[in-house]
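Hi,

Here is the structure I promised to pass on. Have a look at it first, and then read my notes below.

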Amino acid sequence: MHNLGHTRSSNRRDHLLLTPDTFVRTPLPGLTGGLAIVHVAPQAGAAFTQMTVELDAGGTLTEGPTQRLLYVLEGELTLKEPSSRKLHRLTPGGYAYLPTEHPHTLTAKKKSRVAVIEKPFLPLEGERNPEFVIGREQELPSTALNGDKDLQVRALLPASMAFDFACNTMTYAPGAALSQVEIHYMEHGLLMLEGGGIYRLGDSWYPTTAGDFIWMGPYCPQWFGAIGKKPAKYLIYKDFNRHTLA
């Protein structure tokens, strides 16, 4: 049924909300047996790219032009590293960090969806470049944000200055909310995984639900409160650990 041009999606100077009804799928180099939904890219003003890759059974994704973080949303995949001859099994909540020029092949054992974050790496003098990381989000320690037990954070990447970005999951109990409106120099890429709520972006308030994507530019006023009878959860990226003039 035609929606007569109506959508919750919105594109403003300092933020972007994309809802599934507006997603456009595209082929990419290194991607076979699947398509990518590019949620945000430098063309929109972001310094990184975030996308969801949808793979049919047997579909593959190989090394890209930059460092990359993978987070499995649905399905079952294997991750092969030719250098170590290891084959890693990834299921929902499984993730991997691949440094720049780290050869790998991601293969779907069945129909799968994977969140992919890519960013040109900024080395830090005196620090070794980050190495391959693999894990499962459900097995990571959970920390209460600012002591609020109703807002739990799991960090996918190690607390090391070697990494030039951070990626976390944040889970809100029903009715929980950020304690302040945040305004800062970092940008965010956010994919709603579960539940929903209200997101303030700039001077606008948006209903959000699982499947939505949000980009927040530097200094965009931002706040979230969970609404509903089940927890709200999202995957969130931010640039981190570097001087602003780097």
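To start you off: which residues does T78 touch, not counting residues up to four places away in sequence? With contact taken as heavy atoms within 4.5 Å, T78 touches L87, H88, T105, L106, T107 and K109. You'll find T78 in strand β7, residues 77-81. T78 counts as buried because its relative accessibility is 15%, where buried means under 20% relative accessible area, exposed over 50% and partly exposed in between, using a 1.4 Å probe and protein chains only.

A word on the ground rules before the rest. This is a predicted model, where local features need pLDDT of at least 70 and side-chain atom pairs count only at pLDDT 80 or more, while totals for chains, interfaces and linings use all residues. Residues are numbered from 1 along each chain as its sequence is written, and side-chain values use heavy atoms, with hydrogens and water left out.

**The chain as a whole**

The secondary structure comes to 0 helices and 21 strands. Both are DSSP runs numbered from the N terminus: helices are H or I with at least four residues, strands are E with at least two. The C-alpha atoms fill a box of roughly 50 × 50 × 35 Å along the principal axes. The radius of gyration of the protein chain is 18 Å, which agrees with the value near 18 Å for a compact globule of 246 residues; that radius is taken over C-alpha atoms, and the globule rule is 2.2 Å times the number of residues to the power 0.38.

Buried residues make up 49% of the 246 in the chain. Of the contacts with a separation of 6 or more, 67% are between residues 24 or more positions apart.

Pairing here takes at least two DSSP bridges between two strands.

What flanks β21 in that order? Strand β16 (residues 188-194) pairs with β21 (residues 232-239) in the antiparallel sense over 6 bridges. Within that pairing, L190 stands opposite I236, and the bridge partner of G189 is Y237. Strand β15 (residues 165-172) also runs antiparallel to β21, joined to it by 8 bridges, and F165 has D239 as its bridge partner. β21 is mostly covered, with 7 of its 8 residues buried.

**E54**

E54 lies in strand β5, residues 49-62, and is partly exposed, with a relative accessible area of 21%. Leaving out residues up to four places away in sequence, E54 touches R25, G33, G34, L35, I37, S112 and R113. With R25, the side chains make a polar contact at 2.7 Å. That term covers a pair of N or O atoms within 3.5 Å; within protein, one must be able to donate a hydrogen and the other to accept it, and residues adjacent in sequence count only if both atoms are side-chain atoms. E54 and E194 are 140 residues apart in sequence and 18 Å apart in space, C-alpha to C-alpha.

**Cysteines**

How many disulfides does the structure hold? It holds 0, taking a disulfide as a pair of cysteine sulfur atoms within 2.5 Å. For C167, the closest cysteine sulfur is in C220, and at 19 Å that is too far for a bond. C167 is buried at 1% relative accessible area, and C220 is buried at 0%.

Most residues other than glycine have a negative phi. L4, in the segment before β1, has a positive phi of about 55 degrees although it is not a glycine; L4 is exposed, with a relative accessible area of 77%. N241, in the segment after β21, has a positive phi of about 65 degrees and is not a glycine either. N241 counts as buried, at 18% relative accessibility.

Cheers
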